[in-house]
Amino acid sequence: MDGKEAAGRKAIDEIHEGMTVGLGTGSTVYYFLEALAEKVSAGLSITGVTTSQRTAELAGKWHIPLQSLNNVERIDLTIDGADEVDPSLNGIKGGGGALLYEKLVAKASEKRIWIVDSKKVVKKLGAFPLPIEVVPFGWKQVEAFMTEKGYRPRLRQTPGGQPFVTDAHHYILDLHLDFIGNPKALADELDHVTGIVEHGLFVSMTDKVLIGYSDGHVGTLAKEK
Ligand SMILES: O=C[C@H](O)[C@H](O)[C@H](O)COP(=O)(O)O
């Protein structure tokens, strides 16, 4: 078992009968969905709210009941992955391009848990390129502005060399920052750039992180009360 699988399968302990559950995106969430599908087929009743087309397809295939975000009043708990997490529980998300829907679902959730393998826990964020989701119209203007700022943007592309397009039909610029000194200040700045729909900095947006190790054990990082 690798760290992703350990964390993903452990998250099932947090799910209880009757819950509305936000279903994140990615290869770690895959293991959580697999475990959830087993419970659902054994009789657990929950409603899932997905954060991407990819997760919706998996959940559909595994007969996990779904509702759209517009059709639920609240989400009890969201289980999602992350690309990097710091000790203050700030993180970078969006390596798979699902950041916008993931942030919308996270904001609608009472409680949020991230599942990661231990390699993703870092002292300072920024070695992982920070994704920003931009509108295709005039995206080069945003790219030029980010370059001016020294943020080293790169348009995300498919293996075929076409721009990667998100579920919401936007493009992604990955910012090669190396090091983010102040995540909150950067998030505030990016929140105010015209043309950026959303960014992958999630500042204080999780309550707990389940960290999976290669030997199969799972540690926890939790918000101080
Ligand atoms: O856009 C994708 C999401 O933010 C993922 O949760 C994140 O990239 C982690 O993915 P994985 O579990 O595949 O490493």
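Analyst: Lysine 61 counts as exposed because 10 C-beta neighbours lie inside 10 Å; a residue is called exposed if 12 or fewer other C-beta atoms lie within 10 Å of its own, buried if 20 or more do, and partly exposed in between, with C-beta atoms placed from the backbone. This is a predicted model, in which local features need pLDDT of at least 70 and side-chain atom pairs count only at pLDDT 80 or more, while totals for chains, interfaces and linings use all residues. Residues are numbered from 1 along each chain as its sequence is written.

Lysine 61 belongs to helix α3, which covers residues 53–61; helices (H or I, at least four residues) and strands (E, at least two) are DSSP runs, numbered from the N terminus. Between the C-alpha atoms of lysine 61 and leucine 125 there is a separation of 35 Å, and these two residues are 64 residues apart along the chain.

Arginine 152 lies in the loop between α5 (139–148) and β8 (153–155), and although it is not a glycine, arginine 152 has a positive phi of about 45 degrees. Arginine 152 is partly exposed, because 14 other C-beta atoms lie within 10 Å. As background, most residues other than glycine have a negative phi.
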